[in-house]
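Subject: A structure to look at

Hello,

Here is the structure I promised to pass on, with the sequence alongside. Have a look at it first, and then read on for what turned up.

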Amino acid sequence: MNALIEFIPLIIFFVFFKLYDIYTATIALIIVTSLQLLITWFITKKVKKALLFSLIALVILGGLTIFYKEPKFLAWKLSVVYFVFSIGLFFSALFNHNLIKKMLAKEYSLEKKQWDTLSNIWSIYFLIGSILNLIIFYNFSLDIWVDFKVFGFLILMFIPIGIMVFCMTKWLKKKEKN
């Protein structure tokens, strides 16, 4: 359910883009994402750092998109956020402060090497996603980029999720046998 709620701003963006233009869609995305953060804070009294960082990048780069009437700033937002996530995951694992472990350690007990592997899977996904986003933006139409941004990345996210589930299932079964 939480993932569905997190997808709402993208759906609003997509609808406004199809009905109006990239600039109206960007304004709607900024407003809905801001409301999402406020509602999350109001309900949980917490704000996910990733959502806050993403919103700050959205306000800055989305604002530049609106001000300069230049979609490339909004396109760069996803790449910047994904690149920062990639680097953050890589270095968090490198310095023994694994963010994936921090999120999942209450539910799963894995070895350090396994947590590092999961972190690397996501780090690689975000790095590839960062690059792929720009390749699609600069080599295809704005319509194709928006479709890919909204739906393509959702579909691609099943790759690291699938790898993660496969690895964890294998590791946890092996652990049960021991």
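There are three salt bridges, where a salt bridge is a side-chain nitrogen of Lys or Arg within 4 Å of a carboxyl oxygen of Asp or Glu. Before going further, please note that this is a predicted model, in which local features need pLDDT of at least 70 and side-chain atom pairs count only at pLDDT 80 or more, while totals for chains, interfaces and linings use all residues. Residues are numbered from 1 along each chain as its sequence is written, and side-chain values use heavy atoms, with hydrogens and water left out.

Lys18, Asp143 and Asp147 are linked in a network of salt bridges. Between Lys18 and Asp147, the closest N and O atoms are 3.2 Å apart. This pair links distant parts of the chain, with Lys18 in helix H1 and Asp147 in helix H7, 129 residues apart. (Helices are DSSP runs of H or I with at least four residues, strands are runs of E with at least two, and both are numbered from the N terminus.) Between Asp143 and Lys18, the closest N and O atoms are 4.0 Å apart. Here too distant parts of the chain are linked: Asp143 belongs to H7 and Lys18 to H1 (residues 2-19), 125 residues apart.

How accessible are these residues? Lys18 is partly exposed, with a relative accessible area of 41%; buried means under 20% relative accessible area, exposed over 50%, and partly exposed in between, using a 1.4 Å probe and protein chains only. Asp143 is partly exposed at 40%, and Asp147 is partly exposed at 30%.

The remaining pair is Lys112 with Asp116, whose closest N and O atoms are 2.6 Å apart. Because they sit four residues apart in helix H6, about one helical turn separates Lys112 from Asp116. Lys112 is partly exposed at 45%, whereas Asp116 is buried at 17%.

Now to the helix packing. H6 (residues 112-139) and H7 (residues 142-156) have axes that come within 9 Å and cross at roughly 160°. That makes H6 roughly antiparallel to H7. (Axes are lines fitted to C-alpha atoms, for helices over the stretch in contact, and angles run from 0 to 180 degrees between N-to-C directions; under 35 degrees counts as roughly parallel, over 145 as roughly antiparallel, 65 to 115 as roughly perpendicular and the rest as oblique.) Among the residues making the contact are Tyr125 and Phe137 of H6 and Trp145 and Phe148 of H7; contact means heavy atoms within 4.5 Å.

H3 (residues 49-68) and H4 (residues 72-94) pack at an angle of about 155°, with axes 8 Å apart. They are therefore roughly antiparallel to each other. The residues that meet include Phe53, Leu61 and Tyr68 in H3, and Phe73, Trp76 and Val84 in H4.

Is Pro71 buried or exposed? Pro71 is buried, with a relative accessible area of 13%. Leaving aside neighbours within four places in sequence, Pro71 is in contact with Ile22, Tyr23, Thr65, Phe137 and Leu142. Of these, Thr65 also takes part in the contact of H3 with H4, while Phe137 and Leu142 belong to the contact of H6 with H7.

Enjoy exploring!
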